[in-house]
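Dear colleague,

Please find below the structure I promised to pass on to you.

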Amino acid sequence: MLRIKNINTYYGQVHALKNVSLHLHAGEIVTLIGANGAGKTTVLNSLSAITPPKSGEILFEGSTIKNLSADRIVDLGISQVPEGRQIFKPLSVEDNLELGAYLRFRKREGRASIRKDIEHVFHLFPRLSERRRQIAGTLSGGEQQMLAIGRALMAKPKILLLDEPSMGLAPLVVKDIFKVVSKLRSEQGTTILLVEQNAKAALAIADRGYVLETGKVILEEKASELLENKEVQRAYLGKDKKEIWER
Amino acid sequence: MDIGSLAANGFSWYMMQHQSAQGDSTSALTLSSVKAVSMNFSHQIVQYLLSGFSTGAIYSLIGLGFAIIYNSTGIINFAQGEFVMLGGMLTYFFLTVAGIPLFASIILSVIIATATGVIFERLAIRPLRNATPLSLVIITIGGSIFIRGIAMLVWGKDTHAIPMFSGTEPLFLAGATILPQHLWIFGITILIIVINKLYFYYSISGKAMRACSYNRNAASLVGIDVRRMVLFSFAISSAMGSVAGMIAAPLTMTSYDVGVMLGLKGFCAAIIGGMSSGIGTVLGGLILGVLESLGAGLLSSGYKDAIAFIILLLILFIRPRGIFRKAETERV
């Protein structure tokens, strides 16, 4: 469904992604794990045309999207939930969700069907429903993350790009959010690319995973196999070296 | 170049008009001398307040233009004053030179000034997308000199008057004299502020513009074309500026360089309001207008412009986020 071939992305002089290739099949949850600065966020931003790649190819449903602008990519059905949530803090919860459907308003889609989708988001995240008129900046971290996901869903994406949804959240909240993420796939068939530092939680719900290190993909495997991989366990799952090598 | 001297002349002419009109009205009241003096003083205050509100309303409109562009692009558009000038000069041109009826002249002038704003954004701002805000600000200064130069070549250096929208017969209000033009200024300003509010708070494209100002990155991730919103903000600001220029012109006169001083005053209003594109800047403009008018009336009209700039400096030194903006509290 989505195929990235050998992309190279730069921040000024910094070569952030080096010949990165990956693919997503329809209905898959794929996770991208790696340390800080490995280039996980850059992969998503290359896809969303926030930092367009210099070379390489990005194919979505068979046609290239590499030179499209950010709004065109959302229009085609790829929505990103950015790192650090980036909700519109001074706006209300409902306004944030409405803006998620901005392109649908532009296409003169009826208010009724957009309203229905807002209610659907409230159904997924009942805590947001209680706070629908509240200013988004006053929500808790977990609620802001829910709102950021809800806002992206309002565009009815085929592929959802999630950037570190667990960042800075309590374990229980992370669990809730990941539950919703797998529900999105099972109930709506949304394809998901999940970037995480919390590799354990991400691999638990993912089908496949890629491991990124200093701008390169160094491993690609089924999530269950990555969980068993000794090197991944040592580097990303926090298991002690001794425990693995010297038993 | 003698910056803004013509604008200042315009203002003092305007004050003179008031003083003489007021002289007439008080002389009509033949009361005892002591009472006349005290009446005179309170009437004077009312008069100053009224004229302060009307210049303040103009400053508010100009300031809103600054704030809208600042919020969508992060730059201060120092060409804003030129749209104010264009509003006045174009109306003068269509109405007096071309002899087109008032209403049609107004519409035409707003359209042309707005188109100028849009072209300015397209030619001078958009091609430099990766420029720093500072170089963009300098470009707006260049743009303002350019537009002013063109205006001088087309219309010359003379100061022009345009007739009041509906006669010069003064009205009397709480002992003060008020011209019908003041009512036009108040009415149109209120109308624009209301439309502005409705647009930014209730329409999806207004909300999208606010979204751009809060977080451009996130705005483009929900599919908002940020460049389009920047263009909109230039269109809205230049339209608002030109309206300010044309409703003020019958009182203050207009010439090719009124934009310099009016632009700075509008900037001052926006700074007092903390660059809010809402009520903060409107109050900022009114405060500035009233203080100027009281200062000119009670101290000396020579201090009129100084007052605005003293306020500007004080705000920038003491409370750069503006008087009305609360400290932002954020949760992450």
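Predicted model: local features only at pLDDT ≥ 70, side-chain atom pairs only at ≥ 80, totals over all residues.

The predictor assigns the complex an ipTM of 0.90 and a pTM of 0.84. For chain B the mean pLDDT is 85, with 86% of its residues at 70 or more.

Chain A is divided into domain 1 (1-77 + 158-247) and domain 2 (86-156). Their C-alpha centres are 24 Å apart, and ten residues of domain 1 are in contact with ten residues of domain 2. On the domain 1 side of this contact, α2 (70-76) and α8 (171-188) of chain A are the elements that give two or more residues. The largest share, three residues, comes from α8(A). By class, that side has eight nonpolar residues, one polar and one charged.

In chain B, helix α12 (residues 304-318) has 15 residues and spans 22 Å from its first C-alpha to its last, close to the expected 21 Å. B:Lys304, B:Asp305, B:Ala308 and B:Ile311 are buried in α12(B). Viewed down the helix axis, the buried residues of α12(B) fall within an arc of 125°, so they line one face of the helix. The face turned away from that buried side carries the exposed residues B:Phe309, B:Leu313, B:Leu314, B:Phe317 and B:Ile318.

With kind regards

Definitions and conventions: Residues numbered from 1 in each chain as written. Chains lettered and ligands numbered in written order. Helix = DSSP H or I, 4+ residues; strand = E, 2+ residues; numbered from the N terminus. Expected span 1.5 Å × (residues − 1). Buried ≥ 20, exposed ≤ 12 C-beta atoms within 10 Å, placed from the backbone. Arc of directions from axis to C-beta. pLDDT = per-residue confidence, 0-100. Domains from an automatic or database assignment. Contact = placed C-beta atoms within 7 Å. Nonpolar A, V, L, I, M, F, W, Y, C, P; charged D, E, K, R; others polar.
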